[in-house]
Amino acid sequence: MLYSATINVMVKAARRAGRSLKRDLGEIEHLQVSLKGPANFVSLADKRAEEILYQDLAKARPGYGFIGEEGGQREGTDKSHTWIVDPLDGTTNFLHGIPQFAISIGLAREGTVIAGVIYNPANDELYIAERGKGAFLNDQRLRVAGRRQLNECVVACGLPHIGRGDHDLFRREMTAIQDQVAGLRRFGAASLDLAFVAAGRLDGYWERNLQPWDIAAGQIMVKEAGGTVSDIDTSGDSLVTGHVVCGNEFVHGELVKTLRPLAK
């Protein structure tokens, strides 16, 4: 398919960083790993992938700002455009050899995400989306699932680990949703959870306490596949609050109706 110049830049960067991650996945036992926080690992692979992404994106679009999980915010001369990048979403999966991880690149213009790329180098699945142009997986058009009965739906969630998040709130949320759906899943990479909703593999997804780089590319992916994405507790932007819930219009509404009262 023919994609825009912007998408081509993003895909080229993601694939180059992906080759680096795939090599490191094969050498997982040799990686030098440091602790960034309780159960929140960061590896040389992570930092190397982010530097590749920064170099490639900065070369193609000099002046754009850059926000990365590892390197933080790098100001650009172009104040209207910002790359929002997670070089390795699903780091814990990666470091355990679980092939559920991804590179996530979002491009924001004036604070609104206009393009997204999510790439899992372990299985070569490449998701792309651009505002007004749809969402695709390896050139196949994506559409959110159409189910309208929660008892037929498979829903993914985040699961707060040691030292992170409100465990009591999550247990209340899980119990409430568990009683209504066909199945719950926890995969460990937010960008891919959002991409799976866009692809119709999952009917819905919710998670709290995420960062912009976890959400940016996946948010536009779901929207361009016909889904609805919002903050859990308000109608606001999940990119700002860090709390995300999504699905088709019906599933999103039902999840919000169940989850929102539990946080009060």
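**A mixed sheet, a packed helix and a helix pair**

Eight strands form an open sheet in the order S4-S3-S5-S6-S7-S8-S9-S10, with mixed pairing. Strand S4 (72–74) and strand S10 (140–141) stand at its edges with a single partner strand each, so one side of each lacks a neighbour in the sheet. Two strands count as paired if DSSP finds at least two bridges between them; helices (H or I, at least four residues) and strands (E, at least two) are DSSP runs numbered from the N terminus. The model is predicted: local features need pLDDT of at least 70, side-chain atom pairs count only at pLDDT 80 or more, and totals for chains, interfaces and linings use all residues. Residues are numbered from 1 along each chain as its sequence is written, and side-chain values use heavy atoms, with hydrogens and water left out.

Within the sheet, strand S8 (residues 125–130) pairs with strand S9 (residues 134–137) in the antiparallel sense over four bridges. Ile 128 has Phe 136 in S9 as its bridge partner. Helix H1 (residues 5–26) packs on the sheet, where it touches strand S5 (78–89), strand S6 (102–109), strand S7 (112–120) and S8; contact means heavy atoms within 4.5 Å. The direction of H1 makes about 35 degrees with that of S7.

Elsewhere, the axes of helix H4 (residues 167–178) and helix H8 (residues 249–259) come within 10 Å and cross at roughly 130 degrees. H4 and H8 are therefore oblique to each other: angles under 35 degrees count as roughly parallel, over 145 as roughly antiparallel, 65 to 115 as roughly perpendicular and the rest as oblique. Axes are lines fitted to C-alpha atoms, for helices over the stretch in contact, and angles run from 0 to 180 degrees between N-to-C directions. Glu 173, Ala 176 and Ile 177 in H4 meet Leu 255, Thr 258 and Leu 259 in H8.
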